[in-house]
There are 2 protein chains.
Amino acid sequence: MTGPDSSRIYTAALLIIGDEILSGRTQDANLAYLAKWLGVQGIRLKEVRVVSDDMAAIGDAVNALRTSYDYLFTTGGIGPTHDDITVDAIAAALGVPVIVHPDAQAILAGYYGDKLTDARLRMARTPQGASLIENPRTKAPGIRVGNIFIMAGVPAITQGMLAALDGVLPGGAPVLSRTIAAWTQESTVAATLGAVEKAHDGVQIGSYPFWRDGRTGANFVIRATDPAMLATVASALMAALQAIGIDPVDGEL
Amino acid sequence: MTGPDSSRIYTAALLIIGDEILSGRTQDANLAYLAKWLGVQGIRLKEVRVVSDDMAAIGDAVNALRTSYDYLFTTGGIGPTHDDITVDAIAAALGVPVIVHPDAQAILAGYYGDKLTDARLRMARTPQGASLIENPRTKAPGIRVGNIFIMAGVPAITQGMLAALDGVLPGGAPVLSRTIAAWTQESTVAATLGAVEKAHDGVQIGSYPFWRDGRTGANFVIRATDPAMLATVASALMAALQAIGIDPVDGEL
(Lines give C-alpha, C1' and ligand atoms only; values in the text may rest on other atoms or scores of the structure.)
Protein backbone atom coordinates (compact mmCIF):
# COMPACT_ATOMS: atom_id res chain seq x y z
CA MET A 1 0.00 0.00 0.00
CA THR A 2 2.76 2.40 0.99
CA GLY A 3 5.21 0.98 -1.54
CA PRO A 4 7.63 3.33 -3.20
CA ASP A 5 7.56 1.15 -6.34
CA SER A 6 4.22 -0.41 -7.23
CA SER A 7 5.73 -2.56 -10.00
CA ARG A 8 8.00 -4.40 -7.55
CA ILE A 9 6.58 -7.66 -6.21
CA TYR A 10 6.83 -7.92 -2.42
CA THR A 11 6.88 -11.42 -0.95
CA ALA A 12 6.40 -13.00 2.45
CA ALA A 13 6.66 -16.37 4.17
CA LEU A 14 4.89 -17.68 7.25
CA LEU A 15 6.49 -20.03 9.77
CA ILE A 16 3.95 -21.75 12.02
CA ILE A 17 5.60 -23.11 15.16
CA GLY A 18 3.94 -25.73 17.29
CA ASP A 19 3.54 -29.43 18.06
CA GLU A 20 -0.21 -28.86 18.47
CA ILE A 21 -0.54 -28.11 14.74
CA LEU A 22 1.66 -31.04 13.66
CA SER A 23 -0.24 -33.48 15.90
CA GLY A 24 -3.55 -32.43 14.37
CA ARG A 25 -4.87 -31.36 17.77
CA THR A 26 -5.28 -27.73 16.67
CA GLN A 27 -6.50 -26.55 13.27
CA ASP A 28 -4.36 -23.60 12.15
CA ALA A 29 -6.38 -20.45 11.55
CA ASN A 30 -3.56 -17.95 11.02
CA LEU A 31 -2.49 -18.91 7.48
CA ALA A 32 -5.68 -17.90 5.66
CA TYR A 33 -6.11 -14.74 7.75
CA LEU A 34 -2.51 -13.61 7.20
CA ALA A 35 -2.71 -14.43 3.47
CA LYS A 36 -5.71 -12.15 3.01
CA TRP A 37 -4.21 -9.41 5.19
CA LEU A 38 -0.97 -9.54 3.18
CA GLY A 39 -2.96 -9.33 -0.06
CA VAL A 40 -4.46 -6.04 1.09
CA GLN A 41 -0.95 -4.73 1.89
CA GLY A 42 0.23 -5.65 -1.63
CA ILE A 43 2.44 -8.47 -0.35
CA ARG A 44 2.25 -12.03 -1.67
CA LEU A 45 2.45 -15.01 0.65
CA LYS A 46 4.78 -17.37 -1.25
CA GLU A 47 5.63 -20.12 1.22
CA VAL A 48 4.48 -21.51 4.56
CA ARG A 49 6.27 -23.97 6.81
CA VAL A 50 5.08 -25.70 9.96
CA VAL A 51 7.75 -26.99 12.35
CA SER A 52 7.74 -28.46 15.85
CA ASP A 53 8.80 -26.79 19.11
CA ASP A 54 12.46 -27.56 18.44
CA MET A 55 15.34 -25.04 18.46
CA ALA A 56 17.14 -26.42 15.40
CA ALA A 57 13.97 -26.91 13.34
CA ILE A 58 12.84 -23.35 14.04
CA GLY A 59 16.29 -21.87 13.43
CA ASP A 60 16.85 -23.66 10.11
CA ALA A 61 13.44 -22.58 8.81
CA VAL A 62 13.91 -18.98 9.97
CA ASN A 63 17.23 -18.62 8.20
CA ALA A 64 15.93 -20.23 5.00
CA LEU A 65 12.80 -18.08 4.85
CA ARG A 66 14.08 -14.69 6.04
CA THR A 67 16.73 -14.69 3.32
CA SER A 68 14.36 -15.84 0.53
CA TYR A 69 11.47 -13.40 1.00
CA ASP A 70 10.96 -9.72 1.86
CA TYR A 71 9.11 -10.51 5.08
CA LEU A 72 8.90 -13.48 7.43
CA PHE A 73 6.02 -13.84 9.88
CA THR A 74 6.07 -16.44 12.64
CA THR A 75 3.17 -17.62 14.80
CA GLY A 76 3.32 -19.57 18.04
CA GLY A 77 5.67 -20.18 20.93
CA ILE A 78 5.86 -16.74 22.54
CA GLY A 79 3.94 -17.43 25.76
CA PRO A 80 5.33 -17.87 29.28
CA THR A 81 5.78 -21.66 29.43
CA HIS A 82 8.76 -23.98 28.89
CA ASP A 83 7.55 -24.98 25.39
CA ASP A 84 7.62 -21.33 24.26
CA ILE A 85 11.08 -21.21 22.67
CA THR A 86 10.50 -19.08 19.57
CA VAL A 87 12.43 -16.03 20.83
CA ASP A 88 15.42 -18.14 21.86
CA ALA A 89 15.43 -20.05 18.57
CA ILE A 90 15.23 -16.91 16.43
CA ALA A 91 17.93 -15.11 18.43
CA ALA A 92 20.18 -18.16 18.02
CA ALA A 93 19.44 -18.25 14.28
CA LEU A 94 20.38 -14.57 14.00
CA GLY A 95 23.46 -14.99 16.20
CA VAL A 96 22.33 -12.33 18.71
CA PRO A 97 21.68 -12.62 22.45
CA VAL A 98 18.23 -12.61 24.08
CA ILE A 99 17.59 -9.55 26.24
CA VAL A 100 14.74 -8.38 28.46
CA HIS A 101 13.31 -5.54 26.35
CA PRO A 102 12.80 -2.50 28.64
CA ASP A 103 9.61 -1.31 26.87
CA ALA A 104 8.10 -4.80 27.02
CA GLN A 105 9.01 -5.07 30.68
CA ALA A 106 7.28 -1.73 31.31
CA ILE A 107 4.13 -2.89 29.47
CA LEU A 108 3.96 -6.10 31.50
CA ALA A 109 4.74 -4.27 34.78
CA GLY A 110 1.86 -1.91 34.05
CA TYR A 111 -0.46 -4.86 33.42
CA TYR A 112 0.59 -7.34 36.12
CA GLY A 113 1.78 -4.88 38.78
CA ASP A 114 3.49 -6.70 41.66
CA LYS A 115 2.41 -10.03 40.12
CA LEU A 116 5.11 -9.77 37.42
CA THR A 117 6.69 -13.17 38.09
CA ASP A 118 9.72 -14.64 36.34
CA ALA A 119 7.41 -16.68 34.08
CA ARG A 120 5.53 -13.54 33.00
CA LEU A 121 8.78 -11.66 32.51
CA ARG A 122 9.70 -14.33 29.92
CA MET A 123 7.18 -12.56 27.67
CA ALA A 124 9.39 -9.42 27.73
CA ARG A 125 12.37 -11.30 26.26
CA THR A 126 13.37 -10.43 22.67
CA PRO A 127 16.33 -10.94 20.39
CA GLN A 128 18.72 -8.00 20.80
CA GLY A 129 17.90 -5.16 18.39
CA ALA A 130 14.16 -5.88 18.23
CA SER A 131 11.24 -3.46 18.37
CA LEU A 132 7.76 -4.29 19.68
CA ILE A 133 4.40 -4.90 17.99
CA GLU A 134 1.39 -3.79 19.99
CA ASN A 135 -0.89 -6.52 21.35
CA PRO A 136 -4.24 -4.89 22.12
CA ARG A 137 -5.72 -8.20 23.31
CA THR A 138 -3.45 -9.54 26.05
CA LYS A 139 -0.66 -6.92 26.31
CA ALA A 140 2.42 -9.22 25.92
CA PRO A 141 3.79 -7.69 22.70
CA GLY A 142 4.76 -9.18 19.36
CA ILE A 143 8.32 -8.63 18.18
CA ARG A 144 9.90 -7.23 15.05
CA VAL A 145 13.55 -7.99 14.39
CA GLY A 146 14.93 -7.16 10.95
CA ASN A 147 12.39 -8.48 8.45
CA ILE A 148 10.97 -11.00 10.93
CA PHE A 149 7.60 -10.43 12.64
CA ILE A 150 7.10 -12.69 15.66
CA MET A 151 3.42 -13.14 16.48
CA ALA A 152 1.29 -15.23 18.84
CA GLY A 153 -0.28 -18.60 18.06
CA VAL A 154 -3.76 -17.65 19.32
CA PRO A 155 -5.58 -16.22 16.28
CA ALA A 156 -7.38 -13.39 18.10
CA ILE A 157 -4.04 -12.12 19.45
CA THR A 158 -2.27 -12.37 16.08
CA GLN A 159 -5.15 -10.55 14.38
CA GLY A 160 -4.77 -7.71 16.87
CA MET A 161 -1.05 -7.51 16.15
CA LEU A 162 -1.68 -7.44 12.39
CA ALA A 163 -4.16 -4.60 12.86
CA ALA A 164 -1.35 -2.67 14.56
CA LEU A 165 0.80 -3.22 11.43
CA ASP A 166 -1.91 -2.21 8.93
CA GLY A 167 -0.47 0.00 6.20
CA VAL A 168 2.98 0.06 7.84
CA LEU A 169 4.90 -2.32 5.56
CA PRO A 170 6.07 -1.35 2.07
CA GLY A 171 4.10 -3.35 -0.49
CA GLY A 172 3.37 -3.39 -4.20
CA ALA A 173 0.18 -3.63 -6.20
CA PRO A 174 -2.37 -5.93 -4.53
CA VAL A 175 -3.28 -9.11 -6.41
CA LEU A 176 -6.89 -8.84 -7.51
CA SER A 177 -9.08 -11.82 -8.29
CA ARG A 178 -12.32 -12.53 -10.07
CA THR A 179 -14.18 -15.81 -10.29
CA ILE A 180 -16.00 -17.36 -13.25
CA ALA A 181 -17.77 -20.66 -12.59
CA ALA A 182 -19.63 -23.41 -14.40
CA TRP A 183 -21.45 -26.68 -13.80
CA THR A 184 -18.95 -28.81 -15.69
CA GLN A 185 -16.21 -31.32 -15.13
CA GLU A 186 -12.80 -29.63 -15.00
CA SER A 187 -11.51 -32.05 -17.60
CA THR A 188 -14.09 -30.81 -20.12
CA VAL A 189 -12.75 -27.24 -19.99
CA ALA A 190 -9.06 -27.90 -19.23
CA ALA A 191 -7.76 -27.03 -22.71
CA THR A 192 -9.86 -23.84 -22.80
CA LEU A 193 -8.58 -22.63 -19.43
CA GLY A 194 -4.98 -23.26 -20.42
CA ALA A 195 -5.36 -21.44 -23.74
CA VAL A 196 -6.95 -18.35 -22.17
CA GLU A 197 -4.26 -18.15 -19.48
CA LYS A 198 -1.48 -18.55 -22.04
CA ALA A 199 -2.93 -15.73 -24.18
CA HIS A 200 -2.70 -13.20 -21.31
CA ASP A 201 0.72 -12.44 -19.80
CA GLY A 202 0.91 -11.95 -16.05
CA VAL A 203 -2.45 -13.58 -15.41
CA GLN A 204 -3.05 -16.84 -13.52
CA ILE A 205 -6.21 -18.91 -13.75
CA GLY A 206 -6.74 -21.47 -11.00
CA SER A 207 -9.36 -24.20 -11.37
CA TYR A 208 -11.10 -25.55 -8.25
CA PRO A 209 -13.56 -28.41 -8.69
CA PHE A 210 -16.42 -29.22 -6.32
CA TRP A 211 -19.22 -31.73 -5.98
CA ARG A 212 -22.61 -30.60 -4.71
CA ASP A 213 -26.15 -31.99 -4.84
CA GLY A 214 -24.94 -34.83 -7.04
CA ARG A 215 -23.53 -32.41 -9.64
CA THR A 216 -19.98 -31.50 -10.62
CA GLY A 217 -18.81 -27.91 -10.96
CA ALA A 218 -15.68 -25.80 -10.86
CA ASN A 219 -14.68 -22.26 -9.94
CA PHE A 220 -12.09 -20.58 -12.17
CA VAL A 221 -10.21 -17.90 -10.23
CA ILE A 222 -8.47 -15.29 -12.38
CA ARG A 223 -5.64 -13.41 -10.60
CA ALA A 224 -3.91 -10.26 -11.84
CA THR A 225 -2.70 -6.92 -10.47
CA ASP A 226 -4.26 -4.79 -13.25
CA PRO A 227 -8.05 -4.38 -12.92
CA ALA A 228 -8.48 -3.73 -16.67
CA MET A 229 -6.62 -6.95 -17.49
CA LEU A 230 -8.80 -8.82 -15.01
CA ALA A 231 -11.96 -7.64 -16.79
CA THR A 232 -10.49 -8.50 -20.20
CA VAL A 233 -9.61 -12.04 -19.16
CA ALA A 234 -12.97 -12.59 -17.46
CA SER A 235 -14.76 -11.66 -20.71
CA ALA A 236 -12.38 -13.77 -22.79
CA LEU A 237 -12.85 -16.80 -20.53
CA MET A 238 -16.66 -16.54 -20.58
CA ALA A 239 -16.64 -16.26 -24.37
CA ALA A 240 -14.26 -19.20 -24.72
CA LEU A 241 -16.41 -21.38 -22.45
CA GLN A 242 -19.59 -20.45 -24.36
CA ALA A 243 -17.79 -21.35 -27.61
CA ILE A 244 -17.44 -24.97 -26.41
CA GLY A 245 -21.06 -25.19 -25.28
CA ILE A 246 -20.59 -24.40 -21.56
CA ASP A 247 -22.89 -21.91 -19.82
CA PRO A 248 -20.59 -19.98 -17.43
CA VAL A 249 -21.62 -17.89 -14.42
CA ASP A 250 -19.97 -14.53 -13.70
CA GLY A 251 -19.14 -15.15 -10.03
CA GLU A 252 -18.50 -18.03 -7.65
CA LEU A 253 -20.63 -21.17 -7.44
CA MET B 1 1.55 -50.39 13.32
CA THR B 2 3.23 -52.96 11.11
CA GLY B 3 6.71 -51.80 12.06
CA PRO B 4 9.43 -54.37 12.43
CA ASP B 5 11.01 -52.21 15.16
CA SER B 6 8.62 -50.43 17.51
CA SER B 7 11.41 -48.41 19.14
CA ARG B 8 12.35 -46.72 15.87
CA ILE B 9 10.70 -43.34 15.30
CA TYR B 10 9.13 -43.03 11.86
CA THR B 11 8.73 -39.53 10.47
CA ALA B 12 6.78 -37.84 7.70
CA ALA B 13 6.43 -34.47 6.01
CA LEU B 14 3.49 -32.98 4.13
CA LEU B 15 3.86 -30.71 1.10
CA ILE B 16 0.68 -28.75 0.33
CA ILE B 17 0.71 -27.47 -3.25
CA GLY B 18 -1.58 -24.69 -4.36
CA ASP B 19 -2.03 -20.97 -4.90
CA GLU B 20 -5.56 -21.24 -3.45
CA ILE B 21 -4.10 -22.04 -0.01
CA LEU B 22 -1.45 -19.29 -0.17
CA SER B 23 -4.01 -16.68 -1.26
CA GLY B 24 -6.25 -17.51 1.70
CA ARG B 25 -9.10 -18.45 -0.64
CA THR B 26 -9.20 -22.04 0.59
CA GLN B 27 -8.69 -23.19 4.17
CA ASP B 28 -6.50 -26.30 4.20
CA ALA B 29 -8.22 -29.31 5.74
CA ASN B 30 -5.68 -32.01 4.90
CA LEU B 31 -2.97 -31.20 7.46
CA ALA B 32 -4.95 -32.01 10.61
CA TYR B 33 -6.57 -35.10 9.05
CA LEU B 34 -3.23 -36.49 7.82
CA ALA B 35 -1.56 -35.71 11.17
CA LYS B 36 -4.11 -37.79 13.07
CA TRP B 37 -4.06 -40.58 10.47
CA LEU B 38 -0.26 -40.74 10.68
CA GLY B 39 -0.45 -40.85 14.49
CA VAL B 40 -2.55 -44.02 14.26
CA GLN B 41 0.02 -45.55 11.88
CA GLY B 42 2.82 -44.79 14.40
CA ILE B 43 4.34 -42.12 12.13
CA ARG B 44 5.07 -38.58 13.33
CA LEU B 45 4.34 -35.58 11.14
CA LYS B 46 7.47 -33.44 11.64
CA GLU B 47 7.21 -30.71 9.01
CA VAL B 48 4.71 -29.17 6.62
CA ARG B 49 5.37 -26.82 3.73
CA VAL B 50 2.94 -24.94 1.51
CA VAL B 51 4.21 -23.81 -1.90
CA SER B 52 2.64 -22.27 -4.98
CA ASP B 53 1.86 -23.96 -8.33
CA ASP B 54 5.45 -23.49 -9.50
CA MET B 55 7.78 -26.21 -10.86
CA ALA B 56 10.92 -25.02 -9.07
CA ALA B 57 9.18 -24.32 -5.75
CA ILE B 58 7.60 -27.79 -5.75
CA GLY B 59 10.79 -29.52 -6.85
CA ASP B 60 13.00 -27.85 -4.24
CA ALA B 61 10.57 -28.69 -1.45
CA VAL B 62 10.15 -32.30 -2.63
CA ASN B 63 13.89 -32.92 -2.66
CA ALA B 64 14.42 -31.29 0.75
CA LEU B 65 11.58 -33.20 2.41
CA ARG B 66 11.89 -36.66 0.81
CA THR B 67 15.51 -36.90 1.93
CA SER B 68 14.86 -35.62 5.48
CA TYR B 69 11.94 -37.84 6.51
CA ASP B 70 10.82 -41.46 6.08
CA TYR B 71 7.71 -40.47 4.14
CA LEU B 72 6.61 -37.45 2.12
CA PHE B 73 2.95 -36.84 1.36
CA THR B 74 1.85 -34.19 -1.13
CA THR B 75 -1.64 -32.78 -1.65
CA GLY B 76 -2.93 -30.78 -4.60
CA GLY B 77 -2.22 -30.29 -8.27
CA ILE B 78 -3.07 -33.71 -9.71
CA GLY B 79 -6.25 -32.82 -11.62
CA PRO B 80 -6.71 -32.41 -15.38
CA THR B 81 -6.11 -28.66 -15.78
CA HIS B 82 -3.10 -26.57 -16.78
CA ASP B 83 -2.37 -25.57 -13.18
CA ASP B 84 -2.02 -29.24 -12.14
CA ILE B 85 1.76 -29.64 -12.43
CA THR B 86 2.59 -31.77 -9.39
CA VAL B 87 3.43 -34.93 -11.36
CA ASP B 88 5.71 -33.03 -13.75
CA ALA B 89 7.43 -31.19 -10.90
CA ILE B 90 8.06 -34.36 -8.87
CA ALA B 91 9.33 -36.29 -11.89
CA ALA B 92 11.73 -33.42 -12.66
CA ALA B 93 12.87 -33.35 -9.03
CA LEU B 94 13.57 -37.09 -9.17
CA GLY B 95 15.20 -36.86 -12.59
CA VAL B 96 12.84 -39.37 -14.18
CA PRO B 97 10.47 -38.97 -17.16
CA VAL B 98 6.69 -38.72 -16.93
CA ILE B 99 4.87 -41.68 -18.46
CA VAL B 100 1.23 -42.59 -18.98
CA HIS B 101 0.77 -45.36 -16.42
CA PRO B 102 -1.00 -48.29 -18.10
CA ASP B 103 -3.01 -49.29 -15.01
CA ALA B 104 -4.13 -45.69 -14.46
CA GLN B 105 -5.09 -45.43 -18.13
CA ALA B 106 -7.15 -48.61 -17.79
CA ILE B 107 -8.94 -47.27 -14.68
CA LEU B 108 -9.82 -44.00 -16.45
CA ALA B 109 -10.86 -45.81 -19.66
CA GLY B 110 -13.22 -47.97 -17.58
CA TYR B 111 -14.70 -44.86 -15.97
CA TYR B 112 -14.89 -42.42 -18.90
CA GLY B 113 -15.33 -44.92 -21.76
CA ASP B 114 -15.08 -43.17 -25.12
CA LYS B 115 -15.04 -39.80 -23.35
CA LEU B 116 -11.41 -40.32 -22.25
CA THR B 117 -10.09 -37.04 -23.66
CA ASP B 118 -6.48 -35.83 -23.59
CA ALA B 119 -7.27 -33.68 -20.56
CA ARG B 120 -8.62 -36.67 -18.64
CA LEU B 121 -5.69 -38.81 -19.74
CA ARG B 122 -3.45 -36.27 -17.97
CA MET B 123 -4.68 -37.88 -14.76
CA ALA B 124 -3.02 -41.18 -15.81
CA ARG B 125 0.43 -39.56 -16.00
CA THR B 126 2.96 -40.56 -13.31
CA PRO B 127 6.68 -40.31 -12.74
CA GLN B 128 8.36 -43.42 -14.20
CA GLY B 129 8.60 -46.21 -11.62
CA ALA B 130 5.46 -45.23 -9.72
CA SER B 131 2.66 -47.41 -8.38
CA LEU B 132 -0.95 -46.31 -7.87
CA ILE B 133 -3.02 -45.47 -4.78
CA GLU B 134 -6.69 -46.35 -5.07
CA ASN B 135 -9.15 -43.43 -5.23
CA PRO B 136 -12.56 -44.79 -4.24
CA ARG B 137 -14.19 -41.34 -4.64
CA THR B 138 -13.43 -40.14 -8.17
CA LYS B 139 -11.29 -42.95 -9.68
CA ALA B 140 -8.25 -40.87 -10.86
CA PRO B 141 -5.63 -42.57 -8.67
CA GLY B 142 -3.06 -41.23 -6.24
CA ILE B 143 0.57 -42.07 -6.92
CA ARG B 144 3.37 -43.62 -4.90
CA VAL B 145 6.92 -43.14 -6.10
CA GLY B 146 9.72 -44.12 -3.74
CA ASN B 147 8.81 -42.69 -0.35
CA ILE B 148 6.54 -40.01 -1.89
CA PHE B 149 2.75 -40.30 -1.75
CA ILE B 150 1.02 -37.96 -4.20
CA MET B 151 -2.56 -37.21 -3.16
CA ALA B 152 -5.41 -34.94 -4.24
CA GLY B 153 -6.14 -31.49 -2.85
CA VAL B 154 -9.86 -32.14 -2.28
CA PRO B 155 -10.10 -33.49 1.30
CA ALA B 156 -12.75 -36.15 0.62
CA ILE B 157 -10.57 -37.64 -2.14
CA THR B 158 -7.40 -37.58 -0.04
CA GLN B 159 -9.22 -39.20 2.87
CA GLY B 160 -10.29 -42.03 0.56
CA MET B 161 -6.70 -42.50 -0.60
CA LEU B 162 -5.44 -42.60 3.00
CA ALA B 163 -8.06 -45.23 3.84
CA ALA B 164 -6.57 -47.33 1.03
CA LEU B 165 -3.13 -47.01 2.73
CA ASP B 166 -4.38 -47.87 6.23
CA GLY B 167 -1.96 -50.23 7.99
CA VAL B 168 0.25 -50.51 4.90
CA LEU B 169 3.20 -48.32 5.91
CA PRO B 170 5.81 -49.45 8.44
CA GLY B 171 5.48 -47.34 11.59
CA GLY B 172 6.62 -47.31 15.19
CA ALA B 173 4.82 -46.88 18.46
CA PRO B 174 1.97 -44.35 18.19
CA VAL B 175 2.32 -41.17 20.23
CA LEU B 176 -0.32 -41.19 22.94
CA SER B 177 -1.64 -38.07 24.61
CA ARG B 178 -3.56 -37.17 27.75
CA THR B 179 -4.84 -33.77 28.76
CA ILE B 180 -4.92 -32.15 32.20
CA ALA B 181 -6.53 -28.71 32.42
CA ALA B 182 -7.09 -25.87 34.85
CA TRP B 183 -8.72 -22.48 35.14
CA THR B 184 -5.47 -20.57 35.55
CA GLN B 185 -3.15 -18.25 33.68
CA GLU B 186 -0.37 -20.18 31.95
CA SER B 187 2.19 -17.90 33.55
CA THR B 188 1.06 -19.01 37.04
CA VAL B 189 1.91 -22.65 36.34
CA ALA B 190 4.81 -22.25 33.90
CA ALA B 191 7.55 -23.27 36.34
CA THR B 192 5.54 -26.31 37.49
CA LEU B 193 4.94 -27.55 33.92
CA GLY B 194 8.61 -27.19 33.05
CA ALA B 195 9.75 -29.03 36.16
CA VAL B 196 7.37 -31.97 35.61
CA GLU B 197 8.41 -32.32 31.97
CA LYS B 198 12.10 -32.17 32.86
CA ALA B 199 11.66 -34.91 35.46
CA HIS B 200 10.29 -37.41 32.90
CA ASP B 201 12.50 -38.37 29.95
CA GLY B 202 10.82 -38.80 26.57
CA VAL B 203 7.69 -36.91 27.62
CA GLN B 204 6.50 -33.60 26.19
CA ILE B 205 3.99 -31.32 27.89
CA GLY B 206 2.37 -28.68 25.68
CA SER B 207 0.47 -25.77 27.23
CA TYR B 208 -2.45 -24.25 25.29
CA PRO B 209 -4.19 -21.23 26.83
CA PHE B 210 -7.76 -20.18 26.13
CA TRP B 211 -10.19 -17.44 27.12
CA ARG B 212 -13.84 -18.32 27.67
CA ASP B 213 -16.76 -16.64 29.45
CA GLY B 214 -14.43 -13.95 30.74
CA ARG B 215 -12.13 -16.52 32.39
CA THR B 216 -8.62 -17.70 31.55
CA GLY B 217 -7.69 -21.38 31.36
CA ALA B 218 -5.18 -23.71 29.80
CA ASN B 219 -5.00 -27.30 28.59
CA PHE B 220 -1.80 -29.20 29.31
CA VAL B 221 -1.28 -31.97 26.74
CA ILE B 222 1.11 -34.73 27.83
CA ARG B 223 2.57 -36.79 24.95
CA ALA B 224 4.48 -40.07 25.24
CA THR B 225 4.62 -43.46 23.55
CA ASP B 226 4.44 -45.51 26.78
CA PRO B 227 0.94 -45.64 28.32
CA ALA B 228 2.33 -46.32 31.81
CA MET B 229 4.59 -43.26 31.56
CA LEU B 230 1.62 -41.18 30.41
CA ALA B 231 -0.36 -42.19 33.52
CA THR B 232 2.63 -41.51 35.79
CA VAL B 233 3.15 -38.01 34.37
CA ALA B 234 -0.57 -37.18 34.51
CA SER B 235 -0.63 -38.05 38.21
CA ALA B 236 2.60 -36.16 38.85
CA LEU B 237 1.33 -33.06 37.06
CA MET B 238 -1.99 -33.06 38.94
CA ALA B 239 -0.18 -33.41 42.27
CA ALA B 240 2.29 -30.66 41.39
CA LEU B 241 -0.52 -28.28 40.38
CA GLN B 242 -2.42 -29.02 43.60
CA ALA B 243 0.77 -28.31 45.56
CA ILE B 244 0.76 -24.70 44.28
CA GLY B 245 -2.93 -24.20 45.03
CA ILE B 246 -4.36 -24.96 41.57
CA ASP B 247 -7.40 -27.25 41.19
CA PRO B 248 -6.69 -29.28 38.03
CA VAL B 249 -9.20 -31.23 35.93
CA ASP B 250 -8.35 -34.69 34.56
CA GLY B 251 -9.34 -34.07 30.94
CA GLU B 252 -9.74 -31.20 28.51
CA LEU B 253 -11.48 -27.92 29.29
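**Exercise 1. Chain A as a whole**

Among contacts in chain A between residues at least 6 apart in sequence, what percentage join residues at least 24 apart? Describe chain A from there.

Solution. The model is a predicted one, in which local features need pLDDT of at least 70 and side-chain atom pairs count only at pLDDT 80 or more, while totals for chains, interfaces and linings use all residues. Residues are numbered from 1 along each chain as its sequence is written, chains are lettered from A and ligands numbered from 1 in the order in which they are written, and side-chain values use heavy atoms, with hydrogens and water left out.

With contact meaning heavy atoms within 4.5 Å, the percentage asked for is 70%. Next, the C-alpha atoms of chain A fill a box of roughly 75 × 45 × 30 Å along the principal axes, and the chain holds nine helices and 12 strands, where helices (H or I, at least four residues) and strands (E, at least two) are DSSP runs numbered from the N terminus. Of its 253 residues, 51% count as buried, a term that stands for under 20% relative accessible area, with exposed over 50% and partly exposed in between (1.4 Å probe, protein chains only). Finally, the domain assignment, whose bounds come from an automatic or database source, gives domain 1 (10-165) and domain 2 (176-250) in chain A, and 38 Å separate the centres of these two domains, taken over C-alpha atoms.

**Exercise 2. Strand 1 of chain B**

Work out how strand 1 (residues 10-17) of chain B is covered and paired.

Solution. In a regular strand the side chains alternate between the two faces of the sheet. Here Tyr10(B), Ala12(B), Leu14(B) and Ile16(B) point one way, Thr11(B), Ala13(B), Leu15(B) and Ile17(B) point the other way, and all are buried. Eight bridges join strand 1 of chain B to strand 2 (residues 43-51) of chain B, the two running parallel, and Ile17(B) stands opposite Val51(B). Five bridges, again in the parallel sense, pair strand 1 of chain B with strand 3 (residues 71-75) of chain B, where Ile16(B) stands opposite Thr75(B).

**Exercise 3. The core and a helix pair**

Which residues touch the most other members of the largest nonpolar core, and how do helix 2 and helix 7 of chain A pack?

Solution. A nonpolar core is a set of buried Ala, Val, Leu, Ile, Met, Phe, Trp, Tyr and Cys residues joined through side-chain atoms within 4.5 Å; of the 94 residues in the largest one, Leu15(A), Phe73(A), Leu15(B) and Phe73(B) touch the most other members. Leaving aside neighbours within four places in sequence, the contacts of Leu15(A) include Val51(A), Ile58(A), Leu65(A) and Phe73(A).

Helix 2 (residues 30-41) of chain A and helix 7 (residues 155-165) of chain A pack at about 10°, with axes 11 Å apart, which makes helix 2 of chain A roughly parallel to helix 7 of chain A. Among the residues making this contact are Tyr33(A) and Trp37(A) of helix 2 and Thr158(A) and Leu162(A) of helix 7.

**Exercise 4. Ala234(A)**

Is Ala234(A) buried or exposed, and which residues does Ala234(A) touch?

Solution. Ala234(A) lies in helix 9 (residues 227-243) of chain A and is buried, with a relative accessible area of 0%. Not counting residues up to four places away in sequence, Ala234(A) touches Arg178(A), Ile180(A) and Ile222(A).

Methods:
Axes are lines fitted to C-alpha atoms, for helices over the stretch in contact, and angles run from 0 to 180 degrees between N-to-C directions. Angles under 35 degrees count as roughly parallel, over 145 as roughly antiparallel, 65 to 115 as roughly perpendicular and the rest as oblique. Two strands pair if DSSP finds at least two bridges between them.
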